[in-house]
Structure formats: structure tokens, C-alpha cells
Amino acid sequence: MTQQLPPAPEMIDWGFAVKVGSRIAGDGPQVSRESAAATVAELREGARRSTDLVREFTGLDAPDDTAPVLVVDRPGWVQANADGFRTVLAPIIDQLSAKRPPSGLALSVGSKVTGAEVGSLLGFLSSRVLGQFDPFHDPHGRLLLVAPNIVHVEQAIDADPRDFRLWVCLHEETHRVQFTAVPWMRGHLFSEIGAIADTIDSTELVETGLQRVVEALRGGNRGSLMDVLGSPAQREIVDRVTGVMSLLEGHADVVMDGVGPTVIPSVARIRASFDQRRQGVGTLDRLLRRLLGLDAKMAQYRDGARFVRHVVDTAGMEQFNAVWEGPANLPTTAEIHDPDAWLRRVL
């Protein structure tokens, strides 16, 4: 009988990361049990209602009962994102460690240290993120709405709770529709991350590359992994990832601003107040930007909305939806800045 070997120890102690992150996260605003239950019910209803609103505005038809909608607290968000980080980083870490795998005490201590760093990052961000779509959760992804943070922000900006909750749901539900109505998008994004891992083949970069991963997770100022692994092939992948991230975020903003005024009476006031304190996009996206050196390219996320608006104003929503037909139709970063170039190439 063949003896089954135990699984290889990981370079990041994900369980420890969740413990650290959950401790740092805290509970959020104190509300009664009844109020908490009402908030959860209203967010679920807002997400359900948003599906039809997004479909009517965009023409994208997401199948029912695919990616679930989860209303979570901060520790629940930390756990979900630790799972997402683990999935996103796996191909890169596997490649970086394959030629010189750490072992023994060095691995045990190092995985705890890196786990603490990841957990600290998750704990810090867990009090700021309102919602996100996690495309890497099997089999179709999942939508997370962080109830205590939504309550905290609506109180801080003195927003009408019902209006603000629907406004958040519209933005996040658009991301859920993007990935479920366009089923190839999920695999495409993950394959791009795997493609970066496949380009890592130089032994002398292993130690430096691993350090870059840790620095990216820590949010330090030593640059990104791409500063070291910046071959032409890798830069090309970064360009593609930047283009698709710009598209997804810009499209969600356009949908939110297009649908909002028809169903949310106080949307103008909410948008003005929220923009003053906007913390950016989801944590997985933050990780990708740090890891791939995209932090300096945040303007391209705003440009994503300008790209979508220009194409829709010029050609209409039906023609714009050609962007979802396959990876070849996704805009490059150059086309995000020059939407007419995309129109000439694709339409």
C-alpha cells in the first residue's frame, strides 16, 4: 500500500492570516439584532433588484443562480479574501519557489511572518470595502456585500440608508453580471495571471521575486514584482490586464450613474459625498495592481469610464457590447485612452 504524503507546507500561513486579519478588523458600528437583520434583508433585496436593472441598461443577461450573493461581516470578508489571495498568488508563488523551495524552520517562521503581513493588510482593508465581486471562487465567483461598512459609510455621509444600499448594490451587481453573463471573462483573467507565472524562468530572480511578492502584499515602497520581472512578454500581459481592469471598473461606474437617477432619489448627493471619501476598488484588484506595478496607473481606471461613455455615445450600447464577445475584443490600455481606435478595430 502506497503511503500518502502530507501536503507540502505553504509559504504563507493563510490560517494565521485570517486570525490576524479578523482581530484587526473589529466589529464595525453597533446596531441592534433587528436592525442588523433588516440591513441584511435589504442588501439581499437590493442585489436581486439590481440584476434586472443592470440587464435592462446594459443588455447583459446573467443566468439565475450562478454566483451567489453573500452579505458578510468584516471577519467573513477577511476569510473570503484570504481564499481569493491564495488562489491568485498560487501560480506565481509556485513558480518562484520551484527552483529553490524553502523548508524546515525557515519555511515555518517565514510563512507565519508573511501570514501576519497578509492578515494585517486584510484587517486594515476590511473596514473600508463596501462590496466586491470575487471572480476566483469556484465555480462561478461570488458577490460579497460588507454590511457593517455599508452602515458605517451611510451614517458618516448622512445618506438615506435605502438609497445608499441600492446604490452600492448597483455597482457591485454590475461586476457580478460582467462575470456571469460573460462566462469566459473569469477564466481569461486567471489565465493572464498564470501567464505571468509561466514567464518566470530565471533562477537568479527567485529570491528577489519572492521578496517582491512580500513587499507587494505589505504595500511597501520598493516597487512591484514587475520591476524585476519586466520582460517584454510580461509587459504585454500587464497591458492586457490593465485594459480589462479599466474596462470593468469604468463599465460599472457608467451603469451605476446611468441607472441610479431612475431609481435612487438622492443619488446625486450620495455620489458627491461618496467621491470625497472613495477608497478605491476591491482588494483583489489592489493586490493585482501592487503585484503587477499598476498603482501608478490609477488614472486608467477613471479613463475606463470615459472609454465606455465615448463608445456608447458614439455607437450605442448594443455595439459597445461587442467588447464582451471574446478576449480579442477587449481594449488595450492604448485603446482605453483612444476609444476611437477600439471602434475602428472592433466595429
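I count a residue as buried when its relative accessible area is under 20%. The model I am reading is predicted.

**Entry 1: the whole chain**

I began with burial. Of the 347 residues in the protein, 52% are buried. The protein exposes about 15,600 Å². Carbon and sulfur atoms supply 52% of that area.

Then I listed the secondary structure. I found 16 helices and 3 strands. I also checked how far along the sequence the contacts reach. I took contacts between residues at least 6 apart in sequence, and 81% of them join residues at least 24 apart.

**Entry 2: α2 against α10**

I wanted a helix pair. Two packed helices are described by the angle between their axes and the distance between the axes. I picked helix α2, residues 33–58, and helix α10, residues 232–263. Their axes come within 10 Å and cross at roughly 105°. The angle falls in the range from 65 to 115 degrees, so α2 is roughly perpendicular to α10.

Which residues make the contact? From α2 I noted Arg49, Leu53, Val54, Phe57 and Thr58. From α10 I noted His251, Val254, Val255, Gly258, Val259 and Val263. I sorted the residues of this contact by type: 7 are nonpolar, 3 polar and 1 charged.

**Entry 3: α7**

I checked the length of helix α7, residues 184–198. Its 15 residues should span 21 Å at 1.5 Å a residue. The end C-alpha atoms are 20 Å apart, so the two values agree.

I then looked up which α7 residues are buried. They are Met185, Arg186, His188, Leu189, Glu192, Ile193, Gly194, Ile196 and Ala197.

**Entry 4: α11 and its cover**

Helix α11 runs over residues 267–275. Its buried residues are Val267, Ile270, Arg271, Ser273 and Phe274. What covers them? The cover includes α5 (147–156), α6 (161–181) and α10.

**Entry 5: Phe133**

Phe133 sits in strand β2, residues 131–134. Is Phe133 buried or exposed? Its relative accessibility is 8%, so Phe133 counts as buried.

I looked for its contacts, leaving out residues up to four places away in sequence. Phe133 touches Ala67, His140, Gly141, Arg142, Leu143, Glu172, His175, Arg176 and Phe179. I followed up one of these, Glu172. Phe133 and Glu172 are 39 residues apart in sequence. In space, their C-alpha atoms are 6.5 Å apart.

Conventions. Residues numbered from 1 in each chain as written. Predicted model: local features only at pLDDT ≥ 70, side-chain atom pairs only at ≥ 80, totals over all residues. Heavy atoms only, no water. Helix = DSSP H or I, 4+ residues; strand = E, 2+ residues; numbered from the N terminus. Buried < 20%, exposed > 50% of the residue type's maximum accessible area, 1.4 Å probe, protein only. Contact = heavy atoms within 4.5 Å. Areas by Shrake-Rupley, 256 points an atom, 1.4 Å probe, with all protein chains shown as cover. Axes fitted to C-alpha atoms, helices over the stretch in contact; angles between N-to-C directions. Parallel < 35°, antiparallel > 145°, perpendicular 65-115°, else oblique. Nonpolar A, V, L, I, M, F, W, Y, C, P; charged D, E, K, R; others polar. Expected span 1.5 Å × (residues − 1).
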